[in-house]
Amino acid sequence: MDEADITLRNLTYHRFVELGTAPSAAEIAAAMDSPVEVVRDGWRRLHDAHALVLDGDARELRMANPFAARPTPYRVEAAGRSWYGNCAWDAFGICAALHVDGEIRTECPDCRTPIDVAIRDQRPDDDGLVFHVLVPAVDWWRDIGFT
Amino acid sequence: MLLFRSEEHVAAWLAGRKPGATISVTKLCELANAWWGDRLAPDWRPHTRDQNQSILDRLGLTGPFWTLP
């Protein structure tokens with residue numbers, strides 16, 4: 001990953017934070033004053049390096065982990081804005097990446113009871129909840145969407 | 001990578017499927033802080049495989065299930 005790709009990656013992430021949703025390739029191209037294909041080519045290299053995840057036709061963002069480009073069951077409110085996390089780990093990761101307190105809203109996958117958990121000073125306010133990882137670490141990137 | 005109300009709800013959701021690994025939400029929060037804490041840093045650099053494995057190891061997430069490729 002060269003410096004130009006790291007710059008593209010950082011700009012992409014910071015626009016994601018500012019917007020509360022995924023920036024389009026066209027938005028990033030405009031911010032960089034570059035052709036959109038330059039952005040897409042860089043995003044593809046970053047995708048291959050697992051630095052972000054593109055959608056099925058590799059044109060727009062699917063994930064800038066921990067941020068999700070699509071609605072998910074993990075809604076995070078923090079710093080006066082809101083985002084979706086790709087999974088429970090990523091939902092907590094949004095507060096960690098922003099270094100702020102926050103609220104995570106989801107539901108138990110078993111019984112569908114709503115779960116609201118607050119993060120205060122990097123700790124959850126409900127220590128009775130549990131996190132389950134189905135896929136072993138060796139296979140996390142085999143199908144990151146499923147993982 | 002899902003959040004449940006309790007281990008009993010994990011077992012019910014699995015419905016006999018082979019379980020993965022279950023940790024407390026407090027441990028998850030520690031993991032998230034260590035894994036994602038630098039994600040927006042101006043001097044961000046990609047984690048190496050060994051850096052990520054070290055995070056898991058430091059939190060006691062060891063053994064074959066938690067071994068990265």
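The model is predicted, so local features are reported only at pLDDT of at least 70 and side-chain atom pairs only at pLDDT 80 or more, whereas totals for chains, interfaces and linings use all residues. Residues are numbered from 1 along each chain as its sequence is written, and chains are lettered from A and ligands numbered from 1 in the order in which they are written. Chain A holds an open sheet of eight strands, and its contact with chain B takes 41 residues from chain A and 35 residues from chain B.

**The sheet of chain A**

- The strand order is β1-β2-β3-β5-β4-β6-β7-β8 in chain A, with antiparallel pairing; strands pair if DSSP finds at least two bridges between them.
- Strands (E, at least two residues) and helices (H or I, at least four residues) are DSSP runs, numbered from the N terminus.
- At the edges stand β1 (53-54) and β8 of chain A, each of which pairs on one side only.
- The helix α4(A) packs on the sheet, where it touches β3, β4, β5 (81-85), β6 and β7 of chain A. The direction of α4(A) makes about 15 degrees with that of β4(A); axes are lines fitted to C-alpha atoms, for helices over the stretch in contact, and angles run from 0 to 180 degrees between N-to-C directions.
- Two bridges link β2 (residues 61-64) and β3 (residues 67-68) of chain A in the antiparallel sense, and A:Met63 stands opposite A:Ala68.

- A residue is buried if 20 or more other C-beta atoms, placed from the backbone, lie within 10 Å of its own, exposed if 12 or fewer, and partly exposed in between.
- β6(A) runs antiparallel to β4 (residues 74-78) of chain A, joined by three bridges, and A:Ile104 has A:Val76 opposite.
- Six bridges pair β6(A) with β7 (residues 114-120) of chain A, also in the antiparallel sense, and A:Glu107 stands opposite A:Pro114.
- Six residues lie between the strands of this hairpin, in which A:Arg112 takes a positive phi near 65 degrees.

**The contact between the chains**

- Residues are in contact if their C-beta atoms, placed from the backbone, lie within 7 Å.
- α4(A) gives the most to the side of chain A that touches chain B, with seven residues.
- β9(A) and β1 (residues 2-4) of chain B run antiparallel and are joined by three bridges; A:His132 has B:Leu2 as its bridge partner.

**The nonpolar core**

- The largest nonpolar core has 50 residues, of which A:Ala88, A:Phe92, B:Leu28 and B:Ala32 touch the most other members. Such a core is a set of buried Ala, Val, Leu, Ile, Met, Phe, Trp, Tyr and Cys residues joined through C-beta atoms within 7 Å.
- Leaving aside neighbours within four places in sequence, B:Ala32 is in contact with A:Trp89, A:Phe92, A:Gly93 and A:Ala96.

**Chain B**

- Chain B has three helices and two strands, which run β-α-β-α-α from the N terminus on.
- Of its 69 residues, 20% count as buried.
- The C-alpha atoms of chain B fill a box of roughly 45 × 25 × 15 Å, taken along the principal axes.

Terms used
Contact = placed C-beta atoms within 7 Å.
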